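Please keep the sequence and the model in view while reading.

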Amino acid sequence: MTLSELNNLSPGERIKALSACCGATAWQEKVNAAFPLADEEDLFREAEKAWASCSPQDWKEAFAHHPKIGDLASLKKKFASTAQWAAGEQAGVQHTSPAVLEALAAGNRAYEEKFGYIFIVCATGKTAEEMLHLLQARLPNDPETEIAIAAGEQNKITLIRLQKLLAS
């Protein structure tokens, strides 16, 4: 889809397209309100501005629209609308050892118990081992530090998905 096509969608259709990039309703509405946009740079700038103005609750809403790192079955079922993008983003876990997948699953459980949301990392280009290391390194964080890191990772994911949307 080109930016011109995105500009010409109805607001409801545009929200649906944007929802594939970020699950936070507030973000979708803020970005949607900025249309029409002159160029892709404007889109990315508006996306980042909208994300920065979202609340921690909005961030958690976005996080809930992701499968857990390494949960390949979840990719296929619950997240069917973004499964292809998420599978590509998590390609690093598809050919890893069972031990690393088990450690990711255990780390995901510990992370979710501690912070109340799933571990968010921009997985594009990372191996399962790298993601496991990041998860383990972030587990000791305090909640305020961690939500800021997770929000930054979500922003990276959103920008990558916006690029994919424009390339589709």
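How far is the sulfur of C54 from the closest cysteine sulfur, and in which residue does that sulfur lie?

## Basis of the model

This is a predicted model, in which local features need pLDDT of at least 70 and side-chain atom pairs count only at pLDDT 80 or more, while totals for chains, interfaces and linings use all residues. Residues are numbered from 1 along each chain as its sequence is written, and side-chain values use heavy atoms, with hydrogens and water left out.

## Cysteines

For C54, the closest cysteine sulfur belongs to C22 and is 6.8 Å away, too far for a bond. A disulfide is a pair of cysteine sulfur atoms within 2.5 Å, and the whole structure contains zero disulfides.

C22 is buried, at a relative accessible area of 1%; buried means under 20% relative accessible area, with a 1.4 Å probe and protein chains only. C54 also counts as buried, at 6% relative accessibility.

## Helices 2 and 3

The axes (lines fitted to C-alpha atoms over the stretch in contact, with angles from 0 to 180 degrees between N-to-C directions) of helix 2, residues 11–19, and helix 3, residues 25–33, come within 9 Å and cross at roughly 130°. Helices are DSSP runs of H or I with at least four residues, numbered from the N terminus.

The contact (heavy atoms within 4.5 Å) is made by P11, R14, I15, L18 and S19 of helix 2 with W27, Q28, E29, V31 and N32 of helix 3.

Note on methods:
Helices (H or I, at least four residues) and strands (E, at least two) are DSSP runs, numbered from the N terminus. Buried means under 20% relative accessible area, exposed over 50%, partly exposed in between (1.4 Å probe, protein chains only).
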